[in-house]
Amino acid sequence: MSGMCSRRLGRLFGLSRNLLARVARQPAIRCSYDNAVLRRSYASQAINQMLQLQQMDICADQPSRGLVIGVFADEEDRNDAGILTPAGWRYNVTKTNGRLIQVLRMSGPMPKRGEARLLFAIEPERIPYYSVVAVVGLGKECLGYNPYEVLDEQKEAIRRSVAAACRVLAELDTDRIEVENCGHAESAAEGAALGVWAYQELRDPKYRLSVPSIDLFATKDDICDIEGWRIGLQKAAAQNLTRQLQEMPSNLLTPTAFAQNVVEVLCKSGVNVEVKVEGWAESQSMHAFLAVGKASCEPPIFLELSYYGTCAEERPIVLVGQGVTYDAGGLCLKKRNELFNMRGDMTGAAVVVAACRAVASLRLPVNVRGLIPLCENVIGCNSFRPGDMVKSMNGKTIEIQCTDHEDVLVLADALLYAQNFCPKCIIDVGTCSGYMRQSLDEAAAGVFTNSEILWQQIKHASMHTGDRVWRFPLWNYYSKAVRAGARSDVQNYGIGRGGRPCKAAAFLREFVPCGQWMHIDATNVMVTNGIDFEYLRRGMAGRPTRTLVEFIAQTICKDTAPKLGK
């Protein structure tokens, strides 16, 4: 009878063999009432203990934590055993007793750049602190600046690999991800924050992708570069803000809504925002800007942003962002397949807003002015037409050859208005020519400048950020092409068959009478396919925000700061 009771208890409660043996070793049940009570009491206590232990295992909902560490290996040598980063090696020795590197080497060739390998149950503890460890490939230890690629390959490898790991860990519903610096904390923070971001404000909350919290992994023996990590997070947050504004549908992000969003975002960061209406633009004789937006029922708006990081007498850097919240092409209507992404034609405006917030958050000692003309280029009864003539602020007449090339018209008046602030330099960002895609694809944004100093600075900044730029010519050949019209001073399209990006820059040059100026054409980097850069999901890319922030930071250095010519 005692054996039968024990077997039943084992089947019902799943007792271990040791516990069953302990129960079975008790004396057989006799007619003694006291012995029976003692048996039942002992079995009940043992069963309750086992149930409590099982219940603790089932209900101990520990937070899911992930760890990202790096490994150096030669990608061309499949037999390379790999070398963990210093932080990864300390974790391997102190927390896993050397098991991590053993399992990693048994799992196959070392991960390459942009790849991550997940390892589970590495820690010997019954309930590990990190439920999953992602080991990312960083390439060779000797990676650095590649002059042929104009890129710091080590930093780019860190971004790509960390982003790939964080995205995979996020798919596992990981609550918290800790990332080691992998040799450069700023790049690791950029890759992690950019990789997990996704635009899903309009989705049902229960179908949204999980976005884990991201922290820097460090032990007491590590040199913790918390400042570099913070800078990387600020730069990534700026680019994510640009992506958010780009992704918002144009019926929700009208010029008025854009201005409201900017006020909410920047006023909390210490950036002053002035919203100027259509009447003000008319008083400033911004007829080229007003001609573009007069067909829309949404009134045009001009935003003026101000950040003072140093004394008020210091001349500011003026940023001009093209803010066409939707570009249908006007009467020269775009093709259907081009219309979908035209909600991102305000990329320049979004980049300027995000850059100003990042500069304020980093508290850079520099003065910045942001100028953002906002409007829509749609079809209406009041649309401007090919053949129309408009006057800019400086009195030059502009012949409208094509209403689909309105970008330069929006920027022209803003560039003239920028002269009022006696700027140190003027940087404008726009999406002025779709032919940039045929020239550079997604590899780099196009740069046109009249200053060798500005070019060297923006080139150096893009080398560090991995968001590269490439210089295009700004020759008189293209200036003659936009001045060739006999009826006007300049034309918004020009003559000739090609060179559209260069002609657009030459047109803008007509409205920068003096000083250092740089035009960034971001048309080709506005959208990404989600493949070429592991830290950017498919959709709007938010480029070149980080490069612009890095450029502004570099102007603080006296030896490389732009200098006004005599």
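**Exercise 1.** In which sense do strand 15 and strand 19 pair, and over how many bridges?

*Solution.* Start with the ground rules: this is a predicted model, where local features need pLDDT of at least 70, side-chain atom pairs count only at pLDDT 80 or more, and totals for chains, interfaces and linings use all residues. Residues are numbered from 1 along each chain as its sequence is written, and side-chain values use heavy atoms, leaving out hydrogens and water.

Helices (H or I, at least four residues) and strands (E, at least two) are DSSP runs numbered from the N terminus, and two strands pair if DSSP finds at least two bridges between them. Strand 15 (residues 397-399) and strand 19 pair in the parallel sense, over 2 bridges. Here glutamate 399 stands opposite glutamine 491 of strand 19.

**Exercise 2.** Classify the tyrosine 91 and tyrosine 130 ring pair.

*Solution.* Rings of Phe, Tyr and Trp (its six-membered ring) pair if their centres lie within 6.5 Å; planes under 30 degrees apart are stacked, over 60 edge-to-face, and the rest tilted. This rule gives 14 aromatic pairs. For tyrosine 91 and tyrosine 130, the centres are 5.9 Å apart and the planes at 75°, so the pair is edge-to-face. Tyrosine 91 lies in helix 4 (residues 86-94) and tyrosine 130 in the loop between strand 3 (116-120) and strand 4 (132-137), so the pair ties together parts 39 residues apart in sequence.
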